[in-house]
Amino acid sequence: MRRGFVLILSAPSGAGKSTLARQLLVSSSGINLSVSTTTRAPRAGEQEGIDYYFCTQEKFRQLVVQGAFLEWAAVFGHSYGTSRIVVEEALARGEDVLLDIDWQGARQVRAGLRSGDVVSVFISPPSRSKLEERLRGRGKDSEEVIAGRMAKADDLTRAHVELETILQAERLRRLRLEEDAKEILAGFDL
Ligand code: 5GP
């Protein structure tokens, strides 16, 4: 059995990161989202333990002191953190973990875990200028229509397929590395 890895998605806002994360969780098995702890108030429809673990500043501070977070950061005036034990146990069980965290957290995770345990994917937004040029070139669309087309699902669909491909490739690479390691160890005739 191979060890799991952490998949971190980073993106500038508006690139569709959360949508992509949700799509990947639906289409792929063996990968789960790490549910973060936050001090911000729940939004309409958000559920405790599913979207976030919601807690007070005081409780959050205690968790920080206890070393409960693999990473934590202040984002838009609220604190957010990823549970260390949840991630480490999942990796040890051979499960992959998706982290939907900001760039400060991503940097801490890359620094805090073994490099082989982390796969970072940067999602680049569609090139606005190229798209605008192409659409304006047709010469018949109003500004609203252009904006509407640019927000269309085509780019997201492609990004989703690419993300799934990265996930599969990383899984296969780790299996191969493990096979190689076994062969090398067998050569030592232990
Ligand atoms: P929201 O409050 O809209 O759910 O999330 C705001 C931002 O916080 C998003 O960029 C999200 O990726 C980030 N975020 C959510 N959970 C965590 C976490 O555990 N750690 C860090 N560093 N960022 C997080």
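## A helix pair to start with

Helix H1 passes helix H7 in a right-handed crossing, meaning that the near helix is turned clockwise from the far one by less than a right angle. Helices here are DSSP runs of H or I with at least four residues, strands are runs of E with at least two, and both are numbered from the N terminus. The axes of H1 (residues 17-27) and H7 come within 10 Å and cross at roughly 55 degrees. That makes H1 oblique to H7, since angles under 35 degrees count as roughly parallel, over 145 as roughly antiparallel, 65 to 115 as roughly perpendicular and the rest as oblique. Axes are lines fitted to C-alpha atoms, for helices over the stretch in contact, with angles from 0 to 180 degrees between N-to-C directions.

On the H1 side, Thr19, Leu20, Gln23, Leu24 and Ser27 meet Leu156, Ala159, His160, Leu163, Glu164 and Leu167 of H7; contact means heavy atoms within 4.5 Å.

## About the model

This is a predicted model, in which local features need pLDDT of at least 70 and side-chain atom pairs count only at pLDDT 80 or more, while totals for chains, interfaces and linings use all residues. Residues are numbered from 1 along each chain as its sequence is written, and side-chain values use heavy atoms, leaving out hydrogens and water.

## The parallel sheet

Let's turn to the strands. Four of them form an open sheet in the order S2-S7-S1-S8, with parallel pairing; two strands pair if DSSP finds at least two bridges between them. Strands S2 (31-33) and S8 (118-122) are the edges, each pairing on one side only. On average, neighbouring strands of this sheet are turned by 25 degrees against each other, direction ignored.

Strand S1 (residues 6-10) pairs with S7 (residues 96-99) over 3 bridges, and Ile8 has Leu99 in S7 as its bridge partner. Helix H7 (residues 154-187) packs on the sheet, touching S1, S2, S7 and S8, and its direction makes about 160 degrees with that of S8.

## A closer look at Asp96

Asp96 is found in strand S7 and is buried, with a relative accessible area of 0%; buried means under 20%, exposed over 50% and partly exposed in between, using a 1.4 Å probe and protein chains only. Its C-alpha atom is separated by 5.8 Å from that of Val6, 90 residues apart along the chain. Leaving aside neighbours within four places in sequence, the contacts of Asp96 include Phe5, Ile31, Leu167 and Arg171.

## The chain overall

The chain has 7 helices and 8 strands, and buried residues make up 35% of its 190 residues.
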